[in-house]
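Here is a short briefing on a two-chain model. Look over the sequence and structure, then read the points below.

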Amino acid sequence: MSQVDEAEVRAEVREWLTANWNLDISVVEWRSKLADSGWGMPQWPRDWYGRGLPVGFARVVEEEFANVGAVGVAKSGVRLLAAATLLEHGTDLQKKKFLRRILTGEDTWCQFFSEPGSGSDLAGATTRAELNGDYWIINGQKVWTTSAHHADHGLLLARTDWDAPKHEGLSYFVIDVRQPGVDVQPLRQMNGHASFNQVFFTDAKVPVENLVGRVNEGWKVAMTTLAHERRGADGLATPSKRAARVGRVHAEERAENEKANEPYKWYPQRAGRVDLIIERAKETGSNRDPGVRQEIAKLRILSKSAEWTARRARAAQQQGRPQGPEGSLGKLAASHVARACARVHTLMTGTEAMLTGKESPRDGIIAEILVSVPAVSIAGGTDEIQRNIIAERVLELPKEPRLDTGPFRSVRRN
Amino acid sequence: MSGLEKSRVEPARRIQFAFSDEQEQFRTSIQRFLNDKSPPTEVRRLMATAQGYDPEVWRQLSDEMALPGIHVPEQYGGAGFGMVELCIVAEELGRSLLCAPYFSTAVLAASAILNAGMEAQKARFLPDLSSGARLATLAITELDGNWDPASIGTVVTPDGDGYRLEGVKSYVVDGHVADLLVVAARLPQTVGRKGLALFTVDANAGGVERRLLESMDPTRKLARVDFQRAQANLLGNIEDGATSIDRTIDQATIALANEMMGGAQALFDSAVKYAKMRVQFGRAIGSFQAIKHKLADMLLEVELAKSAAYYAAQAAAAQDAEWPALACLAKAAASESYLHTAIETIQIHGGIGFTWDNDTHLWFKRAKSSEVFLGQPNYHRELLMQRWGVER
């Protein structure tokens, strides 16, 4: 294997961008060029819209794109999780059918994993898939589905064998969301937003060629999706950087991002808005209250310590040292920070904390913090699951005896 | 000096989030030394003595490891390293609970002399402290137990070339064995931070009466020192007195936070080990979520406070403008974390954790006394807010 030279790659991208970057074409037309050239996903294989470069070069190419303000391939939502899963487990037919339209942004994807009866225990899914001729027939319910209301395809985990142990009776499919057997309903949260959906499947159809991986080996495929989810960010779309952001292609990208991000406007509030604490202390006069000062200090000590713990984890990684325990603690720390924020915001806001909406402090942002924070310790793995992971993987404590190892049919469930 | 290479420890230009390979090796060599010299049996033996340390181990720690002068420049007989290395030593001493006059001599007194002393004074005092030949300590707090230097009431009056010291200092770490006392006192008719300065006093001179107090943590000896017209010499000058005192306390506070996190880690490790070993209801108790989750939370608390202690040490070494505030932050965080870890470690051990024979109480008592030493968490949180510029 020859060494890949960074300067050569940069020169190559630059040359290609000079020849091709055009502000006035449609975003789909531009991204089709990206898919064909491989520059949209340089770390992907050459056969599938990439250039086969080492993963580290994605950032190099991205920098060159940013320098000229060029738009990248579509990245919002779960589309890249779908792509990564298909690249690893999909058939050539599936890759051919789906990958390109993922990159161009023509198709939107969603993920049908969680169910009302299986949240933390994802492998306890009871949505069923039964083979009938050339189709799998799907019945059941999924929940917490992001963007299902404008998705074209879904990644579906469903049970195909009820007599096997729970992890060995699941299969993984790509399902067409736009069909009569799929009913997408918004799921309204306690903070009033509806960022997710619940989806009902009634004799929905999946053609046999849309099975990903082998029958009853869906858990392994789902693990690939989840691994990429953990590695990536929260799926929020980020606009192309340092761009002049004019021209048709940018306008279309902007509209796409706004649409994708709209349901998640409350996410900063969910984290507690520690950035507002000192301003609010001065604005409300709480800085004169010795008791509140103590609480503010406690909160800021916690949030600073969490930040430095993350920096320690990154520094160790950069030095090529084995990851210490500090690397597994971020999510749990974030829950503590968010809860402490909600408590201190309430203390500082006083009686006005009983109000919500435009007339309440900071145009309703404070109220939104108070009713959004409970999501942090649940979404993406509850605090309790995080503690189990820390205890079992980091501290190597023994696992609890399991009651769900027999045939799934006889396992107690909701 | 094992492990460290001197050329590598120029004052850090920016804050590092990982220790260098040399620093890690340095830590390992201290750990090896302490595993050998300070097992719990030795801690128990020494804590029961009035002297409180083993002079032979102190000599080895000085001669073989060069630890008392680790942060003292080479021209004064030290090893020429800085805050980060001093804090590595402190952390390891806290982990092993070594009974030795290190915090008093190196962290408090040597730092005070470095901060306040004139060239000739540093040259006179520091070589003996760095070599471990003499012991010293710093006396700040008085009978009221207040850690704010503004509250100091001990008075010095000019007398010929020197001064005469009058007052009572308390909670003086290793005050009973120190040869040299560095004392914070004020000129007559001054209040607050005006007129404060540091003075050196020969601990065996006339007019100095020392009494060992019964400390709850027997591994950290405390003394009360009465000064009755004791002869004292000004360390540095009066103008910079308060600044030198603050600086010394802030540095010691950071070192203490690091020492505390070493202790917290030792407790946490023992709790995890016990949870894997102890069987009840036919299972290791560590397989119960009630214990697992407790341990996961303890790990989080320990790592968070450790990050704060490390960051404060790095910031002080880099002379980051924020470092005095970070001293308060690190101490408040370490106090809560260490004590809570100690409480939960006893809890996980169950009944045996409350016995004298079990070692947990040795660290519990260090956690409790450290929580109070140099100021309780509420004191540091308030000071932190002020240092962050959030005025009352």
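Which residue just after H13(A) takes a positive phi? Glu396(A) does, at about 55°. The model is predicted.

**Helix H13 of chain A**
- H13(A) covers residues 383–394, which makes 12 residues.
- At 1.5 Å a residue, the helix should span 16 Å. Its end C-alpha atoms are 15 Å apart, which agrees.
- Buried residues in H13(A) are Asp383(A), Gln386(A), Arg387(A), Asn388(A), Ile390(A) and Ala391(A).
- An α-helix has 3.6 residues a turn, so residues three or four places apart point the same way.
- The cover over the buried residues of H13(A) includes H11 (330–349) of chain A. H8 of chain B is also part of that cover.

**Lys166 of chain A**
- Lys166(A) sits in a loop of chain A, between strand S4 (153–159) and strand S5 (170–176).
- Is Lys166(A) buried or exposed? Its relative accessible area is 2%, so Lys166(A) is buried, the cut-off being under 20%.
- The side chain of Lys166(A) makes a polar contact of 2.6 Å with the side chain of Asp404(A).
- Beyond its neighbours within four places in sequence, Lys166(A) is in contact with several residues, among them Asp121(A), Arg159(A), Arg402(A) and Asp404(A).
- Ala123(A), Gly124(A), Gly406(A) and Phe408(A) are also in contact with Lys166(A).

**Interface: extent**
- On the chain B side, 45 residues are in contact with 42 residues of chain A.
- The two chains bury about 3,800 Å² between them. Carbon and sulfur atoms account for 66% of that area.

- Seven salt bridges are found across the interface of chain B and chain A.
- In a salt bridge, the side chain of Arg321(A) meets that of Glu24(B), at 3.7 Å from N to O.

**Interface: the chain B side**
- Which elements of chain B each supply at least two residues to the side that touches chain A? They are helices H1 (21–37), H7 (241–277), H8 (289–317), H9 (323–349) and H11 (377–387), plus strand S9 (283–284).
- H8(B) gives the largest share of that side, with 15 residues.
- By residue class, the side of chain B that touches chain A has 24 nonpolar, nine polar and 12 charged residues.

How values were computed. Residues are numbered from 1 along each chain as its sequence is written. Chains are lettered from A and ligands numbered from 1 in the order in which they are written. This is a predicted model: local features need pLDDT of at least 70, side-chain atom pairs count only at pLDDT 80 or more; totals for chains, interfaces and linings use all residues. Side-chain values use heavy atoms; hydrogens and water are left out. Contact means heavy atoms within 4.5 Å. Buried area is the accessible area (1.4 Å probe) that two parts lose on being put together, summed over both. A salt bridge is a side-chain nitrogen of Lys or Arg within 4 Å of a carboxyl oxygen of Asp or Glu. Helices (H or I, at least four residues) and strands (E, at least two) are DSSP runs, numbered from the N terminus. Ala, Val, Leu, Ile, Met, Phe, Trp, Tyr, Cys and Pro count as nonpolar, Asp, Glu, Lys and Arg as charged, and the others, Gly among them, as polar. Buried means under 20% relative accessible area, exposed over 50%, partly exposed in between (1.4 Å probe, protein chains only). A polar contact is a pair of N or O atoms within 3.5 Å; within protein, one must be able to donate a hydrogen and the other to accept it, and residues adjacent in sequence count only if both atoms are side-chain atoms. The expected span of a helix is 1.5 Å times one less than its number of residues.
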